[in-house]
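This report concerns the aromatic side chains of one protein model and the confidence assigned to that model. The sequence and structure are shown first.

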Amino acid sequence: MRGHDRQSDQELTGRRGAGDRGPVVRTDQAASTSGQSWSAGDLSTLAMSDLQNSAGNAAVAASLAGQRQQHGSQPPVQRMFQKMKNAVGTNRSAAPQQVNVRVGDEDVPMTRQGGFYVFRTPQGGRGYIHHIAVTDGVLNDDLTGHVMRYRMGGLALYRGIPRWHPTWHDVNGAGMMNPFGQGELPDFDTRATSFIPFSPSEGVARMAAVATTGMDERDRLEYVQGYTRSNGNFFIGMVATVVAGPNVDVGFFNGSEIQLRGPVSNFGTDYIRMSTDVQEALGGSRGNPPEPISENRPPTPDDDQKKAFADKYGGLLP
């Protein structure tokens, strides 16, 4: 739902849509020491001191210091390398932290991976709960019901996709949602993850679907080919609905955003057209009298405006 995947529709809603995101979840890993080799004889007293002051190398420094004391400044190479390998290997092979997280009335065993508490389901799915949703070992009320529904058999999720969005044609034509990234863990930055953002709130998804602009300057509804406010059949956006069962991987952030590992298929769609009533488009009852959403859309650009956009961005949006 954004271009890093974000949208806004100030004219219609004056609110933040499903695409508005918080800070990016960092999943950076410590730099690998694989392939590096040192000897105690290669390190000066000053270098040894620097090594000891580095938390990540404390075990290695201790090992080297012990070698100096026991064997002199140049111990046998093979013995020294083996001790270094053991010290670094022990530091890197620590098992994931095992914890219990209270979900409703149940303590669910999980492991801590990066910024997430991770649990597995009997059906083979994995749930990733962002750490900010857990306080003193208890999952907050905002997500508890959603996690329970996912574990018990199915969680309804919604994704709003505006007409200008780069995934529109894959979803509309091929019936497939593909992720922008390949990262293993969920992430607010959709370019860095294989997860795709959804919302458990249909209203949030609908606001995203009618967004007229996105994060990128070229994300503009009025510059989609064929756009005109007078064409009642012109698609504004769509809302895709999917049921996430315990056999799929799900990332839980908060009550507005829950992510699914992509690609995602087998979803239902509800299209919003230029002639759709505003209240109906946002999930409410049809207005009386109805007001077509075209009244709140950007004016149709003239030929000169279209040409300027095409010259700048290589053409109108498909």
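Tyr128 counts as buried in this predicted model, because its relative accessibility is 1%, against a cut-off of under 20%. Phe195 has a relative accessible area of 1% and is likewise buried.

Tyr128 and Phe195 form an aromatic pair with edge-to-face geometry. Tyr128 belongs to strand β5 (residues 126-130) and Phe195 to strand β9 (residues 195-198), so their pairing ties together parts that lie 67 residues apart in sequence. Another edge-to-face pair is made by Tyr227 and Phe234, so classed because the planes of their rings stand at 90 degrees; both of these residues are buried. The two pairs are among the twelve aromatic pairs that the structure holds.

| Aromatic pair | Centre to centre | Angle between planes | Geometry |
|---|---|---|---|
| Tyr128 and Phe195 | 5.6 Å | 80 degrees | edge-to-face |
| Tyr227 and Phe234 | 5.6 Å | 90 degrees | edge-to-face |

Tyr128 and Phe195 also belong to one aromatic cluster, together with Phe116, Phe188 and Phe253. A charged side chain is placed over a ring elsewhere: Arg112 lies over the face of Tyr117, at 4.8 Å from the ring centre.

As to confidence, the protein chain has an average pLDDT of 79, and 70% of the residues score at least 70. Over residues 1-77 the pLDDT stays under 50, and the model has 148 contacts beyond four places in sequence for this stretch. Residues 87-93 also have a pLDDT below 50, with nine contacts in the model beyond near neighbours in sequence.

Notes:
Residues are numbered from 1 along each chain as its sequence is written. Side-chain values use heavy atoms; hydrogens and water are left out. pLDDT is the predictor's confidence in each residue, from 0 to 100. Contact means heavy atoms within 4.5 Å. Rings of Phe, Tyr and Trp (its six-membered ring) pair if their centres lie within 6.5 Å; planes under 30 degrees apart count as stacked, over 60 as edge-to-face and the rest as tilted. Helices (H or I, at least four residues) and strands (E, at least two) are DSSP runs, numbered from the N terminus. Buried means under 20% relative accessible area, exposed over 50%, partly exposed in between (1.4 Å probe, protein chains only). A charge sits over a ring if NZ of Lys or CZ of Arg is within 6 Å of the ring centre and within 35 degrees of the ring normal.
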